[in-house]
Amino acid sequence: MAGSVRIGILALQGAFREHILSVEALDASAVAVRLPHQLDDCNGLIIPGGESTAISKLMVSYGFYEPIQNRHAKGMAVWGTCAGAILIAKEIVDGIPEQRGLELMDISVRRNAYGRQVDSFEADLEFAHLDDVYRGVFIRAPWIERVGDGVEVLAQHEGHIVAARQGKLMATTFHPELTGDPRVHRYFIENVVGA
């Protein structure tokens, strides 16, 4: 399956290079997406961690909102990590006016819920559908405060939802691209993109 899929990584700001390396390590094709037309041949899109307001402004400048929404409506899977999870949420609990969301996934996300950069941490997570614990890296991380009907909770940390899936949408509030552990990327490619 991996060899036949093409995964776009939104390459405007944030940890996109690490996602590209993670996808390529699974023998899938990774594309650095810098312009909307590059979405056309992608089976999936990863919106990386970074600064959610900066990514949002760049997405507006480059005209990404409608193309991502349209491609998702036609079957392209979308995974948001950290800042990306904020941007795909239907509701940003503590959003700011200049930050626009894609409003794709029926979740509510709180930005910087775990605090500032100095409050970053790692934690072992029980991630659904993975055989063993997964070490999550949380950097200025949000958490998911609400999930709608049809949203599967994939992982929690201290009572807060940190990973969820809804059909061809996935959100993780931590950074799987920084761990060297390919299992969450493999889950996205095989189960979310492959759904």
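Author: Contact here means heavy atoms within 4.5 Å, and the model under discussion is a predicted one. In that sense Ile7 touches Val23, Ser29, Ala30, Val31, Gly44, Ile46, Phe188, Ile189 and Val193, residues up to four places away in sequence being left out of the count. Ile7 is also one of the residues with the most contacts inside the largest nonpolar core, together with Phe127 and Phe188, and that core has 35 residues. At least two core residues come from each of β1 (6–10), α1 (16–24), β4 (77–81), β7 (121–125), β8 (134–138), β10 (152–157), β11 (160–166) and α5 (183–193), and among these α5 gives the most, with 6 residues. Apart from this core lies another, of 33 residues, which includes Leu39, Leu45, Ile68 and Ile107. In soluble globular proteins, nonpolar side chains tend to be buried together.

Strand β4 also holds Thr81, which is buried, with a relative accessible area of 0%. Neighbours within four places in sequence aside, Thr81 is in contact with His19, Ile47, Pro48, Gly49, Thr172, Phe174, Pro176 and Glu177.

As for the whole chain, it contains 5 helices and 12 strands, and its radius of gyration of 15 Å is close to the 16 Å that the globule rule gives for 195 residues, so the chain is as compact as a globular protein of that length. Buried residues make up 53% of the 195 residues, and of the contacts between residues at least 6 apart in sequence, 66% join residues at least 24 apart.

Technical notes:
Residues are numbered from 1 along each chain as its sequence is written. This is a predicted model: local features need pLDDT of at least 70, side-chain atom pairs count only at pLDDT 80 or more; totals for chains, interfaces and linings use all residues. Side-chain values use heavy atoms; hydrogens and water are left out. A nonpolar core is a set of buried Ala, Val, Leu, Ile, Met, Phe, Trp, Tyr and Cys residues joined through side-chain atoms within 4.5 Å. Buried means under 20% relative accessible area, exposed over 50%, partly exposed in between (1.4 Å probe, protein chains only). Helices (H or I, at least four residues) and strands (E, at least two) are DSSP runs, numbered from the N terminus. The radius of gyration is taken over C-alpha atoms; the globule rule is 2.2 Å times the number of residues to the power 0.38.
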